[in-house]
Structure formats: structure tokens, C-alpha cells
Amino acid sequence: MLVRRIFETTWVIRKLPTPVRYGLATLIVFAFAGLRWLMADLLGPVPFLLFFPAVLLIAMVLDHGTAIYAGFLSVFLSVFLFIPPEFSLAIADARLAFAALLTLLVLLLLAWLVENLRDKTQSLARLEKEQRFLRAEMHHRI
């Protein structure tokens, strides 16, 4: 029920204007990029790891459009900042290029799954509300 509570309490944020939501997503991704930068010695050659929770957070709090945007931005920043040669979009190792593509696909899947979970959670909430109404009506008539 934690997920349902998150979805119910963040509906106000999802109603913000589109530029504001995308600005928030950008700030979150850059914050996680900064965290990744600070943890460079600890994480070593794993450039994509900290962007998964960023995209998950964005997908749960904002919406799937901003999560898709955050996925693309995360992979872009990973390649630009953390894959040698740094500060370039060139990828010398084909394995890292494949990892970047695979990461992007997983992040997009994550955004889709969270959106699907939100839809199912809202449907379940509507059904529970209708069931409570019908039960109350039945008790009233009996």
C-alpha cells in the first residue's frame, strides 16, 4: 500500500505545468549525476548505476513522460561525464556502447512499468470505492 499512498499523495505534483515537471526531472537527474561524481572512487567503472533510482523516483512522483526524458538524459550524462574519454560523446569501447543502449532500454521499461502500476492502482482504488458504496447500499436496503 506504500506505492498507492505515494501515487495518491503526489497527484498535485503531476498536475504541475509541463515545463516545471521537466525542470524537476532535470534537477533530480543532475543531483544523482553529482552524487555519482562524488562516488566515482567507490563505483569505479559503473557509470549507469545511480541513475536507476533517479528514473524510478521521477516515474513515481511525476509521470512517464518525464521518466522517459530522464532516462535519455541519464544515459547522455553517463556517456558524457563518466565513460572515457570524459566530456565527449565518443565511446571507445563497444561493450560500453552496448551497456549504454541496454541501460536506456531498461530505463524506458522502468518508466512504462511504473506508469502501468499507477494505472492499475488507480483502477483498484476506484473499484474499492465502488465496492464500499455497493456494500453500504446493500446494508441500507437490508
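The model is predicted, with local features requiring pLDDT of at least 70 and side-chain atom pairs counting only at pLDDT 80 or more, whereas totals for chains, interfaces and linings use all residues. Residues are numbered from 1 along each chain as its sequence is written, and side-chain values use heavy atoms, with hydrogens and water left out.

## Overall dimensions and fold

The chain has a radius of gyration of 20 Å, while a compact globule of 142 residues would have one near 14 Å (taken over C-alpha atoms; the globule rule is 2.2 Å times the number of residues to the power 0.38). The C-alpha trace spans about 75 × 30 × 25 Å along its principal axes.

The secondary structure comprises seven helices and zero strands (DSSP runs numbered from the N terminus: H or I of at least four residues for helices, E of at least two for strands). Among contacts (heavy atoms within 4.5 Å) between residues at least 6 apart in sequence, 68% join residues at least 24 apart.

## Packing of α3 and α5

Helix α3 (residues 18-38) packs with helix α5 (residues 51-61) at an angle of about 160°, their axes lying 9 Å apart. That angle makes α3 roughly antiparallel to α5 (over 145 degrees).

Helix α3 contributes A25, I28, V29, F32 and A33 to the contact, and helix α5 contributes F51, P53, A54, L57 and I58. These residues divide into ten nonpolar, no polar and no charged (Ala, Val, Leu, Ile, Met, Phe, Trp, Tyr, Cys and Pro count as nonpolar, Asp, Glu, Lys and Arg as charged, and the others, Gly among them, as polar).

Notes:
Axes are lines fitted to C-alpha atoms, for helices over the stretch in contact, and angles run from 0 to 180 degrees between N-to-C directions. Angles under 35 degrees count as roughly parallel, over 145 as roughly antiparallel, 65 to 115 as roughly perpendicular and the rest as oblique.
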